[in-house]
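I wanted to go through this model one piece at a time and jot down what I looked up. Here are my notes, in the order I made them.

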Amino acid sequence: MKKSIIYSLSVVFFLLLFSISCKKGVWSEGNERRTSDGSTIIETGELAAVNSISFVIPRYGRHWYQMKIIGLLNHGEIVKKGDSIAQLDPADINKFILDQESNLETQLAVLEKLYVEQENREQESESRIRNELASFDLKKIELEASRFESERLRRIKKLEFDQAEINLEKEKRIYELNKVINANDLKIQEIRVEQIRKEIENAKALLPTLTLRTPVSGVFQIELNRQNINPTLYKIGDNIYAGNNLAKVPELEFMKVNTQVNETDFLKIEVNQKVSVRLDALPKVVFEGEIAYIGKLCRLKDQKSRQRVFDVEVRILEPDERLKPGMTVSCEFL
């Protein structure tokens, strides 16, 4: 009988303690915990790099809108600043350079031929002008000598003199017009040659840029090739179009946490507020952080939830090699 009474009292005492503890603290759905006085808010989040460099394939001139990958680091490999992370195939550019160099030789030969032809035509035009000038001088002398001749003869000599003058002026005009035409033809051909030279120089300048190098240290992460029906990571042998993202390198020195807070706790936090961050893998180690950004819009936590949250970004104050992008953490907002 006594044991029964003691057992009953124990059960009542346990239920009483459980009731009191439930009133003092509230546990919500998911991984969030809030105390009754609102002094602590705990939310889960995911680590990400503050600085992340994306490698978007540029348009290599007007001739190449896609490039073939012939070299690529392994996904998740640690890289240092200046390391090469990918190599694009230079075959098409090298072929273009060879074709243009052959074209340049042809156009230089055309230019040289044009110089010779124009010089010959100029000499011929000058010769015709000298002939017409001699004829003009002769007709002038004959006209002067005919002043003692009959009116009919003087008129004939005057007409011959006028014709010689017209022919001389005509040859002079042809000479001047040919000079302008020849200068324009030379200029067009010289521009064509210079344009080909420039294209060759630009193409050669592209060759070093086909080796992609990372400007920061971090983790090399290959992006998905969305040209495939079932997207997979880019690999050697794939073609990638200009404007597509090949990979990214998150810088590991400065990390942040992407998390959120319940709409009921939105007014309890502020920018620069201190946050204790714990890795799920190292729950006893505390990393100091502070709130760097609080979202302006409220959204559903996920498609299946009716809970509304605000996005929050927490900046880790000190770098630590144990912090890697994608790791799950808990944030305690103090």
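**Before starting**

I am working from a predicted model, not an experimental one.

**Entry 1: the four-strand sheet**

I started with strand order. Which order do the four strands of the open sheet take? I read off β8-β7-β5-β13, with antiparallel pairing. Then I checked the edges: β8 (211–213) and β13 (239–241) each have a single partner strand, so one side of each has no neighbour in the sheet. From one strand to the next, the twist averages 40°.

I zoomed in on one pairing here. Strand β7, residues 84–88, runs antiparallel to β8, and three bridges link the two. For a landmark I picked Ala86, whose bridge partner in β8 is Leu212.

Which strands stand at the edges?

**Entry 2: strand β15**

How many of the eight residues of strand β15 are buried? I get seven, so the strand, residues 255–262, is largely enclosed by the rest of the structure.

I then looked for its partners. With β3 (residues 41–49), β15 pairs in the antiparallel sense over five bridges. Within that pairing, Ala49 has Met255 as its bridge partner. With β18 (residues 308–316), β15 also pairs in the antiparallel sense, over seven bridges. There I noted Asn262 opposite Val309.

**Entry 3: the helix pair**

Two packed helices are described by the angle between their axes and the distance between the axes. I looked up both values for α2 (residues 91–145) and α3 (residues 151–206): the angle is about 170°, and the axes are 8 Å apart. Angles over 145 degrees count as roughly antiparallel, and α2 and α3 are therefore roughly antiparallel to each other. The crossing of α2 past α3 is left-handed.

What classes of residue make up the contact of α2 with α3? My tally is 23 nonpolar, nine polar and 22 charged residues.

**Entry 4: Lys80**

I went on to a loop residue. Lys80 is in the loop between β6 (78–79) and β7. Is Lys80 buried or exposed? Its relative accessibility is 55%, so I put it down as exposed.

I also checked what Lys80 touches. Leaving out residues up to four places away in sequence, I find Thr214, Val216 and Ser217. For Ser217 I looked up the spacing too: Lys80 and Ser217 are 137 residues apart in sequence, yet their C-alpha atoms are 4.2 Å apart in space.

**Entry 5: Asn272**

My last stop was Asn272, which is in the loop between β15 and β16 (274–279). What is its phi? I read a value near 75°, which is positive in a residue other than glycine. Asn272 has a relative accessibility of 52%, so it counts as exposed.

Terms used: Residues are numbered from 1 along each chain as its sequence is written. This is a predicted model: local features need pLDDT of at least 70, side-chain atom pairs count only at pLDDT 80 or more; totals for chains, interfaces and linings use all residues. Side-chain values use heavy atoms; hydrogens and water are left out. Two strands pair if DSSP finds at least two bridges between them. Axes are lines fitted to C-alpha atoms, for helices over the stretch in contact, and angles run from 0 to 180 degrees between N-to-C directions. Buried means under 20% relative accessible area, exposed over 50%, partly exposed in between (1.4 Å probe, protein chains only). Angles under 35 degrees count as roughly parallel, over 145 as roughly antiparallel, 65 to 115 as roughly perpendicular and the rest as oblique. A crossing is left-handed if the near helix is turned anticlockwise from the far one by less than a right angle, and right-handed if clockwise. Ala, Val, Leu, Ile, Met, Phe, Trp, Tyr, Cys and Pro count as nonpolar, Asp, Glu, Lys and Arg as charged, and the others, Gly among them, as polar. Contact means heavy atoms within 4.5 Å.
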